[in-house]
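Dear colleague,

Please find below the structure I am handing over to you, followed by a short account of what was found in it.

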Amino acid sequence: MDSGPIEFELDKFDCIIFNYCFWARCLAVTSDFTRRVAAFHGLKIAIFQDEYDYFLWHRQTVIALGVQTIVTCVPEAHWRDVFQGAEFDGVEFIHALTGYVTDDLSSLPPGKSLEARAYSIGYRGRPVPFAYGRLTQEKVLIGERMKAFCEQYGVAANIEVTEEARIYGAAWPAFIGNCRAVLGTESGSNVFDFDGSVKPAIEAYVATHPDADFETVHALFLKELDGKIRMNQVSPRIFEAIAMRTGLVLFEGGYSGVVQPWEHYIPLKKDFSNVGDVLRAVSDDALLGAMTERAYNDIIASGKYHFRTFIRQIDAHIDAKVPLAQGWLPCFELVGWRASEDESMTPLPTLGTHRPTSQPLRHTDAVKDPFAGFHWNAGAFHRALMKRYEALLYSGTGQAIKRAIAKNPVIYTWSRRVVRILTGRG
């Protein structure tokens, strides 16, 4: 989608996969794109995540494209609650986690010995909009309450739930590896706003009632909706902690069946009534050491949750649905290079291979004629815009601007529309 119009023949392919990034980042799909994909007779697979946003935004596009298989994080019990309508009667569904174990993750060096770690408990969270429901608010609740308990009992902890305290890059695994245990909750949102009316109503209410708390908003707007569809699932953060041999203190839950209480993690009741038992378990070297090693062997070393395992599942589905491929051999080669992502691609001499497109470097940003002519790359513009938008959005200045605009519901509504048009995000 970053490269502009698709100018090669789709019929040369056996399968088209629309990955999660396509749905999360793409702007409006053109009528020509829809027509060409709809006419494609091969297998069409859509991979979703955060379906409470991205599927609901793109539902009509999925139908128009003629997608036959949907890879989804929605638990099987709720497939037809989310993918409603006769249009999905013939669609096949494959369940997927929100993330898997990568080669980089499985090759991380173990953290310090438990005795040498500076913090008994660590955590980083951030506020989540009320519109996503009660499950998402647990990310703040567990941090705030456990930070208070650790201070009360004199437990060495590094717990924060603000945007400013987020940790990125190489500092993140270093942080995990310096904690005996980290906190965690189930991920996902259990609020599916099918007609798109709830989130704007909540935002308008909060704009005029800035001191409103979550329980008030929940009672007014979410009470009848929250929890009808349960998306509770395991977070990739849990894989990160296990890979670092760091213990897990998790709110009681299912976690997609990946981890089990007292076998792989220390369960924390949501009313915090067993916090004393939890803190004693975190301080027990023998108990915590055995638990982290067992979790590593079962979750990481076993390969059960590695990306390769997931890919094999998708490959097997494609093989079953496309038993007679057209005979086009896939070619893997280096077609060009550039010194950095901001520079133009330098093509390599052709190696005589047959690519499905006659323009293999179309995804680059090189200007063909620097002497004359006008060059416009919508994809490059969109990427640059997104980088600046996200940098502003998560800065202190951006948050201050958002609070100021939110005081006027009309300006706030129109500002969101403009942002949605420019970036594809609200």
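In strand β6, N158 is the bridge partner of G122. Strands here are DSSP runs of E with at least two residues, and helices are runs of H or I with at least four residues, both numbered from the N terminus. The model is a predicted one, in which local features need pLDDT of at least 70 and side-chain atom pairs count only at pLDDT 80 or more, whereas totals for chains, interfaces and linings use all residues. Residues are numbered from 1 along each chain as its sequence is written, and side-chain values use heavy atoms, with hydrogens and water left out.

The sheet

Strand β5 (residues 119-124) runs parallel to β6 and is joined to β6 by four bridges. Both belong to an open sheet of five strands with parallel pairing, ordered β6-β5-β7-β8-β9; two strands pair if DSSP finds at least two bridges between them. The edges are held by β6 (157-160) and β9 (266-268), each of which has a single partner strand, so one side of each is left without a neighbour in the sheet. On average, neighbouring strands are turned by 25 degrees against each other, direction ignored. Helix α11 (residues 275-283) packs on this sheet and touches β5, β7 (179-184), β8 (247-251) and β9; contact means heavy atoms within 4.5 Å. The direction of α11 makes about 155 degrees with that of β9, where axes are lines fitted to C-alpha atoms, for helices over the stretch in contact, and angles run from 0 to 180 degrees between N-to-C directions.

Backbone in the loops

Y255, in the loop between β8 and β9, has a positive phi of about 50 degrees although it is not a glycine. Y255 is buried, at a relative accessible area of 0%; buried means under 20% relative accessible area (1.4 Å probe, protein chains only). F272, in the loop between β9 and α11, is likewise not a glycine and has a positive phi of about 60 degrees. F272 also counts as buried, at 4% relative accessibility.

Helices α10 and α12

In α10 (residues 236-243), the residues I238, F239, A241, I242 and A243 are buried. Their cover includes α5 (103-106), α7 (171-176), β7, β8 and α12 (285-301). Just after α10, R245 takes a positive phi of about 55 degrees.

I299 lies in α12 and is buried at 2% relative accessibility. Neighbours within four places in sequence aside, I299 is in contact with V101, F239, I242, V258, V259 and Y305. The C-alpha atoms of I299 and F239 are separated by 7.6 Å, although these residues are 60 residues apart along the chain.

With kind regards

Technical notes. Buried means under 20% relative accessible area, exposed over 50%, partly exposed in between (1.4 Å probe, protein chains only).
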